[in-house]
2 protein chains.
Amino acid sequence: MAEDGTQPTGGTARRVVLDAMGGDHGPAETVPGALRARREHGLPVVLVGRTEAIRRELRRHGAVGEVDVLHAEEVVPMTEAGAGAAARPGTSLMTGCELARREAAAFVSAGSTGAVVTCAVRTLGRREGVLRPALAVALPTPAGSTVLIDAGGTADPTAEMLAQFAVMGAAYARNVLGVADPSVGLLSIGSERGKGNRLARRAGQLLPAMPVRFQGNVEGHDVLAGIVDVVVTDGFTGNIVLKNIEGCVRTTLGLVARAGIAEPRRLDQVGRLYTADTHGGAALLGLTGTVVVAHGASTSAAIARACLVASGLAAGEDLVPACGRPPVETVT
Amino acid sequence: MAEDGTQPTGGTARRVVLDAMGGDHGPAETVPGALRARREHGLPVVLVGRTEAIRRELRRHGAVGEVDVLHAEEVVPMTEAGAGAAARPGTSLMTGCELARREAAAFVSAGSTGAVVTCAVRTLGRREGVLRPALAVALPTPAGSTVLIDAGGTADPTAEMLAQFAVMGAAYARNVLGVADPSVGLLSIGSERGKGNRLARRAGQLLPAMPVRFQGNVEGHDVLAGIVDVVVTDGFTGNIVLKNIEGCVRTTLGLVARAGIAEPRRLDQVGRLYTADTHGGAALLGLTGTVVVAHGASTSAAIARACLVASGLAAGEDLVPACGRPPVETVT
């Protein structure tokens with residue numbers, strides 16, 4: 001059953017279903033990633049995608065039979081923005097999501113974020129009351145971590161969706177990062193109440209009524225400062241901020257290295273804090289299952305880390321509560 | 001005439017009009033900033049604001065009579081978001097903008113960005129064909145500079161406005177930074193055409209028809225990478241990205257210092273690249289005059305630098321051409 005079965009081989013631990021075709025590098029990184037997750041962390045992983053391409057990589061690593069494989073003929077290209085076409089049957093994404101639903105397993109993909117969100121919503125469905133799912137990423141700060149939500153799940157949310165993201169982000173901080181009473185800030189362009197674009201101003205009116213400890217607006221320079229436990233924003237801004245941080249850390253360390261102030265090799269220990277290899281991907285919250293979206297450029301180390309995060313999240317699957325709807329009538 | 005005159009005392013060079021009350025620190029930083037601009041760079045500066053507060057600072061620096069002062073009784077608080085109230089007569093902002101218009105001088109303020117934009121638009125007016133002004137900032141990259149536009153002028157632009165920002169940003173790169181044929185990227189959440197929120201997708205349809213070398217989408221990690229000369233975005237995202245870079249550089253260097261890899265004092269030379277003290281403020285483009293908005297937290301060094309940038313911009317005042325309107329009918 002090892003290479004074409006859909007039965008778990010990993011004993012009692014729930015399997016992690018991995019989209020083998022996702023990411024910029026496809027099986028060349030996902031297969032060794034699955035092997036690392038299995039060998040280094042004992043995680044049972046199922047690879048979903050083109051059997052032939054997956055077997056070739058398994059052979060290359062001398063690992064035929066070591067992880068389960070489920071065939072899916074179609075591949076969703078990285079350029080697919082997530083509209084209906086992404087959710088066609090027979091793709092590694094859809095086949096993987098369906099297997100994850102049947103087994104109540106966690107699902108991991110480094111595919112196009114929009115496509116993963118579309119497929120996951122269609123197969124797993126939203127939790128009761130949730131308007132839209134959102135991506136949560138835990139960013140390291142000097143004194144701990146800050147959850148950035150939405151890091152790219154919903155590019156054009158409404159203010160009501162943003163208000164719910166705050167509740168999901170606070171639940172993530174509480175249950176995954178162990179913060180007892182997480183504080184929440186709304187990302188905007190001024191710390192004063194009422195500053196922002198239309199969306200942020202409306203969300204700022206709704207958030208005081210949500211069941212979270214809302215601290216008002218925070219600004220771009222506050223994201224990594226650790227002044228709040230959760231930073232709430234729309235998926236467009238959040239995705240740009242997340243990637244801006246990656247690029248900015250790289251540029252800054254590059255300038256330090258070039259100035260000859262520090263050894264490049266030793267700077268890597270700081271750089272690694274802000275790469276996908278370390279944070280392992282974003283959790284898609286608000287669904288009736290666990291989904292982790294890894295960075296498109298993920299290496300095998302990042303893939304293995306994403307599988308580990310997904311497995312951990314699935315173990316405490318009810319961590320994210322159903323969201324109350326915000327009081328819509330206060331929106332102006 | 002030195003302390004209450006409105007006549008230039010600086011010979012042939014056009015004066016720089018400085019809002020003495022703007023910024024988090026007001027005259028405590030603007031007055032020594034004006035003195036630095038005068039003493040170190042020979043710039044004739046007029047301080048506009050409460051004469052008494054300005055004189056007190058001038059006395060503290062042994063500089064009574066050294067720069068011109070124009071009295072304005074009212075102060076626009078930093079919390080003012082820029083709606084109509086900011087443009088009331090008698091404020092240091094409005095009085096300063098009016099003096100700048102009469103003298104065709106450059107205007108500098110570290111006040112609330114929204115308030116400065118409102119006052120500048122009302123007094124100086126937009127250039128022909130310009131839908132909205134935008135803030136341009138030159139960010140240092142490993143190999144040169146990238147212009148970020150809009151860094152906070154217009155929080156909710158239309159796609160047509162974004163298309164014009166590209167033209168203004170390219171003119172800035174050409175005329176201020178000396179880039180012969182600047183390339184332009186649209187900030188979005190995927191490099192592929194069609195990825196983005198509604199606004200970015202629409203702008204992506206308009207930009208190929210604009211008179212700029214449009215290279216398609218760029219992502220958050222590209223902003224400091226120098227892959228394009230101009231990064232175009234809306235003022236909400238741009239302001240958050242700009243401040244995110246400041247915070248991210250600070251956090252990264254702090255982590256390097258804490259890891260004991262480099263001497264904190266030597267790291268400052270990298271940190272200084274991304275503070276307001278160095279870039280000196282954002283140019284508000286698209287008006288019939290030169291306006292520089294300095295960071296609210298500006299020190300006297302940042303104020304002096306902003307005055308220098310403004311003076312340089314004013315010297316080549318016609319550098320930003322009138323903008324053609326994008327072909328509106330292609331918007332879907």
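## Polar pairs between the chains

A polar contact is a pair of N or O atoms within 3.5 Å; within protein, one atom has to be able to donate a hydrogen and the other to accept it. With that in hand, let us look at this predicted model. Across the interface of chain A and chain B, the rule finds eight residue pairs in polar contact, both partners being at pLDDT 80 or more.

Which elements of chain A give two or more residues to the side that touches chain B? They are α6 (198-206), α7 (235-258) and α8 (264-271) of chain A. The largest share of that side comes from α7(A), with 19 residues. By residue class, the side of chain A that touches chain B divides into 25 nonpolar, 16 polar and 13 charged residues.

## Extent of the interface and its salt bridges

Chain A brings 54 residues to the contact and chain B brings 53. The area buried between the two chains is about 4500 Å², and carbon and sulfur atoms give 65% of this area.

Salt bridges are here too: the count between chain A and chain B is three. In one of them, K243(A) pairs with E219(B), and the closest N and O atoms are 2.4 Å apart.

## A look at A159(A)

Now a stop within chain A. A159(A) is found in helix α5 (residues 159-175) of chain A. Is A159(A) buried or exposed? Its relative accessible area is 5%, so A159(A) is buried, the cut-off being under 20%.

Leaving aside residues up to four places away in sequence, A159(A) touches L199(A), R202(A), A203(A) and L206(A). A159(A) and G204(A) are 45 residues apart in sequence, with 8.3 Å between their C-alpha atoms.

Terms used
Residues numbered from 1 in each chain as written. Chains lettered and ligands numbered in written order. Predicted model: local features only at pLDDT ≥ 70, side-chain atom pairs only at ≥ 80, totals over all residues. Heavy atoms only, no water. Contact = heavy atoms within 4.5 Å. Buried area = accessible area lost by both parts, 1.4 Å probe. Salt bridge = Lys/Arg side-chain N within 4 Å of Asp/Glu carboxyl O. Polar contact = N/O pair within 3.5 Å; in protein donor to acceptor, adjacent residues only side chain to side chain. Helix = DSSP H or I, 4+ residues; strand = E, 2+ residues; numbered from the N terminus. Nonpolar A, V, L, I, M, F, W, Y, C, P; charged D, E, K, R; others polar. Buried < 20%, exposed > 50% of the residue type's maximum accessible area, 1.4 Å probe, protein only.
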